[in-house]
Amino acid sequence: MAGDGESPGGAFYPGPTELWLNSARVVTQGNYVLMVVGEECEQIVEDFNALF
């Protein structure tokens, strides 16, 4: 969606592309995997990690 520096990627929507580049995280805790995309992703990751 965002490209890799050599190709621009397939998305032409700045809002979603910006979210995926700057506000996306993948977090693992044991067998659990959390993928978060959103403006408050850091807080969601903190809350997720606090559960363990």
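Colleague: What share of the contacts with a separation of 6 or more comes from residues 24 or more positions apart?

Modeller: Contact means heavy atoms within 4.5 Å. In this chain, residues 24 or more positions apart account for 0% of the contacts with a separation of 6 or more. Please keep in mind that this is a predicted model, where local features need pLDDT of at least 70, side-chain atom pairs count only at pLDDT 80 or more, and totals for chains, interfaces and linings use all residues. Residues are numbered from 1 along each chain as its sequence is written, and side-chain values use heavy atoms, with hydrogens and water left out.

Colleague: Thanks! How many helices and strands are there in the chain?

Modeller: Helices (H or I, at least four residues) and strands (E, at least two) are DSSP runs, numbered from the N terminus. Here we have 2 helices and 2 strands, and their pattern along the sequence is α-β-β-α.

Colleague: What percentage of the chain do buried residues make up?

Modeller: Buried means under 20% relative accessible area, exposed over 50%, and partly exposed in between, with a 1.4 Å probe and protein chains only. Of the 52 residues in the chain, 19% are buried.

Colleague: And which residues make up the largest nonpolar core?

Modeller: A nonpolar core is a set of buried Ala, Val, Leu, Ile, Met, Phe, Trp, Tyr and Cys residues joined through side-chain atoms within 4.5 Å. The largest one has 6 residues, namely Val27, Leu34, Val36, Cys41, Val45 and Phe48. Two or more of them come from each of β2 (32-37) and α2 (41-50), and α2 gives the most, with 3 residues.

Colleague: Which residues of α2 are buried, then?

Modeller: They are Cys41, Val45 and Phe48. Seen down the axis of α2, these buried residues fall within an arc of 60 degrees (taken from the directions from the helix axis to the C-beta atoms), so they line one face of the helix. That buried set packs against β1 (24-29) and β2. Val45, for instance, is in contact with Arg25, Val27 and Val36, leaving aside neighbours within four places in sequence. On the other side of α2, Glu46 and Ala50 are exposed.
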